[in-house]
Amino acid sequence: MNESAVKRIAVFTSGGDAPGMNAALRAVVRTASHYNIDCYGVREGYNGLINNDFTRMGPRSVKNIITEGGTILKSARSLEFKNKAGRQKAYENCVSHGIDGMVCIGGDGTFKGAKIFYEEFGIKVVGVPGTIDNDIFGTDNTIGYDTALNTAMEAIDKIRDTATSHNRVFFVEVMGRDAGFIALNSGLATGAIDILIPEKKDSIEDLFATFERAEKAGKSSSIVVVAEGEKLGSIYDIAKATQQGFPDYDIRVAVLGHIQRGGSPSCADRVLASRLGHGAVVGLMEGRTNVMAGLKSNKLVYTPIEDAVKKHNDIDQHLLKISEILAI
Ligand code: F6P
């Protein structure tokens, strides 16, 4: 490799934590060490840049963390970094540590911050997509998504036991503020009779028609998976409307919430995180900046951060169709 374009980098995790962030951090620190690049970990995302919370990291600082959920660097959504004065402080702290490159591990809020910071101050930055929501363009999967999907699937399987035993209808909410990837895939994997996601136009009439079809087919219990960001209304409103439409149904609501963000990362997430963390450092060394490292069709690709946050991976409509066909 030619001489590296960076000599001393900072790495941090920001936004909602995701399983595999630690594996990505480990990959960044060890890749940097392998190529003789100094590496500083910054605690609590952009807040740590502002508050000068930098720690020198080496291969032993990341021992045994590949198995751990959460992030040892901690994470935050920084309000102060949204102001120029906060970013100015962050820049001064980077300068005082001699930082010439940054790896930021997080989701779209993290990347928006990285882009503006690069444009204002010129410190090279490469993003690593870490969020359970899978709502980042430029990578087939984000780090944490696979683990969260499996957590949701296991939880819904358990709910299924009760639904079947009591002939109940369950509405189960999964995470995804703006995106239905977790809902669609966990719904398909658990045989949900309907999947409500923000990317498709749902109606209460269509939902009722699905219940009627299920009844005719002899189903005595059902699960409907609802994405957190569903536009039809809150899961409680939808359940209430269903109870009014079908007074005989024994309906329950379960909101899975933050259990989806925790836990030891799956094998797929550990491998993805390792490849992207390594790819981010190599990208910086090659002089890349304002890009995100992602994996598309099993190949490492760099996508401009602007595209990563503005564009969207489309929901696979065919998967929705398959889930409809298979559920009843
Ligand atoms: O990490 C993304 C996400 O899981 C969203 O799906 C959800 O809306 C959000 O985080 C909740 O985050 P918090 O509770 O940290 O504000």
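Between the two domains, 18 residues of domain 1 are in contact with 12 residues of domain 2, contact meaning heavy atoms within 4.5 Å. The model is predicted, so local features need pLDDT of at least 70 and side-chain atom pairs count only at pLDDT 80 or more, while totals for chains, interfaces and linings use all residues. Residues are numbered from 1 along each chain as its sequence is written, and side-chain values use heavy atoms, with hydrogens and water left out.

**Domains**

- The assignment gives domain 1 (8-144 + 265-310) and domain 2 (145-261), with bounds that come from an automatic or database domain assignment.
- A distance of 34 Å separates the C-alpha centres of domain 1 and domain 2.
- Thr-151 is placed in helix H5 (residues 145-166); helices (H or I, at least four residues) and strands (E, at least two) are DSSP runs, numbered from the N terminus.
- Thr-151 counts as buried because its relative accessibility is 18%; buried means under 20% relative accessible area, exposed over 50%, and partly exposed in between (1.4 Å probe, protein chains only).
- Leaving aside residues up to four places away in sequence, Thr-151 touches Ile-259, Gln-260 and Gly-262.

**Nonpolar cores**

- The largest nonpolar core has 63 residues, of which Ile-9 and Val-103 touch the most other members; such a core is a set of buried Ala, Val, Leu, Ile, Met, Phe, Trp, Tyr and Cys residues joined through side-chain atoms within 4.5 Å.
- This core takes at least three residues from each of domain 1 (8-144 + 265-310) and domain 2 (145-261).
- Another core, of 25 residues, lies apart from the largest one and includes Ala-10, Ile-99, Phe-117 and Val-309.
- Beyond residues up to four places away in sequence, the residues that Ile-9 touches include Val-28, Ile-37, Tyr-40, Val-103 and Leu-284.

**Strand S1 and its neighbours**

- Strand S1 (residues 8-13) has 5 of its 6 residues buried, so S1 is largely enclosed by the rest of the structure.
- S1 runs parallel to strand S2 (residues 38-42), joined by 4 bridges; two strands pair if DSSP finds at least two bridges between them.
- Arg-8 has Asp-38 as its bridge partner in S2.
- From S1 the chain passes through helix H1 (residues 21-34) to S2 in a right-handed β-α-β crossover; right-handed here means that, with the strands pointing away from the viewer, the path from the first strand over the helix to the second runs clockwise.
- S1 is also parallel to strand S4 (residues 101-106), with 5 bridges between them, and Thr-13 stands opposite Ile-105 in S4.

- In strand S6 (residues 169-174), 6 of the 6 residues are buried, so S6 is largely enclosed by the rest of the structure.
- Val-169, Phe-171 and Glu-173 point one way from S6, whereas Phe-170, Val-172 and Val-174 point the other way.
- S6 pairs in the parallel sense with strand S8 (residues 222-227) over 6 bridges, with Phe-171 opposite Val-224.
- S6 pairs in the parallel sense with strand S9 (residues 251-255) over 5 bridges, and Arg-252 in S9 is the bridge partner of Phe-170.

**Aromatic pairs**

- The whole structure contains 11 aromatic pairs; rings of Phe, Tyr and Trp (its six-membered ring) pair if their centres lie within 6.5 Å, and planes under 30 degrees apart count as stacked, over 60 as edge-to-face and the rest as tilted.
- The pair of Phe-81 and Phe-117 is tilted, because the ring centres are 5.5 Å apart and the planes stand at 50 degrees.
- Both Phe-81 and Phe-117 are buried.
- Ring pairs join Phe-12, Tyr-46, Phe-81, Tyr-91, Phe-117 and Phe-121 into a cluster.
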